[in-house]
Amino acid sequence: MKKLINDPEDVVDEMLDGMISAHPDRLRRLPDTQVVVREDHPVDGKVGVVSGGGSGHEPTHAGYIGDGMLDGAAAGEVFSSPTADEFEALIEACDAGDGVLAVVKNYEGDVMNFDTAIELTEMTGTNVATVVVDDDVAVEDSLYTSGRRGVCGTILVHKAAGAKAVAGADLEEVQRVAQKVVDNVGTMGTALTSCVTPEKGEPTFDLGEDEIELGIGIHGEPGTERTAKMSADEITEELTESVLSDLDLSEGQEVVSIVNGMGATPLMELFIVNNRLQELLGEHGLETWDAWVGDYMTSLDMEGCSVTVCAVDEELKELLGATVDTPALTAQ
Amino acid sequence: MSEAGLAVVTAVENVAERLETERTRLTELDSAIGDADHGGNMARGWAAAAETVGELDDPDPATVVQTTGKTLLSEVGGASGPLYGGSLVFAAAELDGGVDRESVVGFAETYLEKVQGRGDAEVGDQTMVDALVPAVHTFTKSIETDDLPPGEALAKAVDAARRGVAFTVPLRASKGRASYLGWRSVGHQDPGATSTLFILETLAETAQTLDIDVPDTADATSPTIPEAEDTNG
């Protein structure tokens, strides 16, 4: 495998430093950790919003640090949860006294390490609330989870919570809007090829030349079905119908949609998927309020995409449309 | 260094040594139903803990336990870090007032409560809880009801844990990584229950070797350790 890496052991460390060098006016790394925070942390008069998880999903998580989104994020090793002491350092660094919302994706390691960190920080008087994202409609229990997995819908949770915090809402309100996104969002992904983790250096799973996997997880965990390759339209239909049947939205409902690249899929293909996705949403009587297309929650070099649909009301539209200024997402 | 603190440091060192010895065995158990990293993670984590507590300057038992827990939290990772390490950190507070019959029971019960709370597992889910619940219940009953010395209570707890580990074999896992296998997890001994047993066995052996005298109350006399005896019992 040809890869732009040095030592597999150093990928996260070198990536974080490289990311910070690209955004020296925005990002800082807490000493002796893999925790990245806003340059001006903690931000006074505002609830802190933090996230984190395994690396390999870039620009998630540190790419979303900035005004209107995250105050900081902990990076674990590739596809591994950060440890509780890293989450603890993150929470403490981002608490300006108004409390911290921790956005956790539903993987056992992430949940347990975040929970332990929260209990530790609460002993020192920090007020922490949690929201667990579990938007993947594909599988109920999987390799790393009880319940559903947290995937690309997490970006919308970061966005809504971040905007609410900037608006000066208290911790309970910030948590409420984050949970509102979780309650209204669904995602399903597909893999055309396996990802290759730096440590293993070869594909995580075998997928034949003419095969795709539907319902794939963002770590290459098995999905719902392995099937013969299909056209972009057919794949989009499979993904979208699964998400929509799970969300069960009424006609006329406004939605935000995301076509998310898994890491090694050209933008051209993502737009082709979005083309069919918007037709399908229309056929279901749904109104797209905003359509996002890009690499938001990747899985290293996996080829494929995920489709996310989130039902939005006036409140979520205001939050998801609010000004944001981060390395990976900017909107005025 | 306080004798009680020294005893706990010795216990941590002994656990580290034991888990290094059992590294392959735990990894074999984990490769059958998990991701084959339990042996390595536990051995690495406890070795780091032993090194860290060995450098503490005159620590009390609570500090040794808490430092061990924090080191495991940062070194073991995954779900095992919070389960083995986080639970120790929180349970260590029970020893703040010293080591006595009441505080060791409080320690054991808090540890169990934290493990169960974090992992949301019950007996029969094929997890470490299957070893821990009978061990802690036996330990508590032996001290509170049967009035046994903590060393003997610990030996009885080890027997209970051993039965608990054997009990995991015919179970179908419903928590943790193995639960993904569904019925395929039947017939496998749980690695977490097994490492929990190894830790308890080592603690019991250490207590026996050091012949620790745990007082009725911490403020009566501090725990004393007689000269090390050349003995197996």
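Chain A is divided into domain 1 (11-184) and domain 2 (185-322), with bounds that come from an automatic or database domain assignment. Taken over C-alpha atoms, the centres of domain 1 and domain 2 of chain A are separated by 22 Å. This is a predicted model, in which local features need pLDDT of at least 70 and side-chain atom pairs count only at pLDDT 80 or more, while totals for chains, interfaces and linings use all residues. Residues are numbered from 1 along each chain as its sequence is written, and chains are lettered from A and ligands numbered from 1 in the order in which they are written.

Where the two domains of chain A meet, 32 residues of domain 1 are in contact with 36 residues of domain 2; two residues are in contact if their C-beta atoms, placed from the backbone, lie within 7 Å. On the side of domain 1 of chain A that touches domain 2 of chain A, the elements giving two or more residues are helix H4 (153-166) and helix H5 (171-184) of chain A. Helices (H or I, at least four residues) and strands (E, at least two) are DSSP runs, numbered from the N terminus. H4(A) supplies the largest share of that side of domain 1, eight residues. By class, this side of domain 1 of chain A has 17 nonpolar, eight polar and seven charged residues. Here Ala, Val, Leu, Ile, Met, Phe, Trp, Tyr, Cys and Pro count as nonpolar, Asp, Glu, Lys and Arg as charged, and the others, Gly among them, as polar.

Next comes a strand of chain A. Strand E7 (residues 185-191) of chain A has seven of its seven residues buried, where buried means that 20 or more other C-beta atoms, placed from the backbone, lie within 10 Å of a residue's own. A:Val185, A:Thr187, A:Gly189 and A:Ala191 point one way from E7(A), and A:Gly186, A:Met188 and A:Thr190 point the other way.

E7(A) pairs with two strands, each antiparallel to it; pairing requires at least two bridges found by DSSP. Seven bridges join E7(A) to strand E12 (residues 304-311) of chain A, and two join E7(A) to strand E8 (residues 211-214) of chain A. A:Ala191 stands opposite A:Gly304 in E12(A), and its bridge partner in E8(A) is A:Glu213.

How many residues does each chain give to the contact between chain A and chain B? Chain A gives 14 and chain B gives 13. H3(A), helix H3 (108-123), gives the most to the side of chain A that touches chain B, with six residues.

Terms used
A residue is buried if 20 or more other C-beta atoms lie within 10 Å of its own, exposed if 12 or fewer, and partly exposed in between; C-beta atoms are placed from the backbone.
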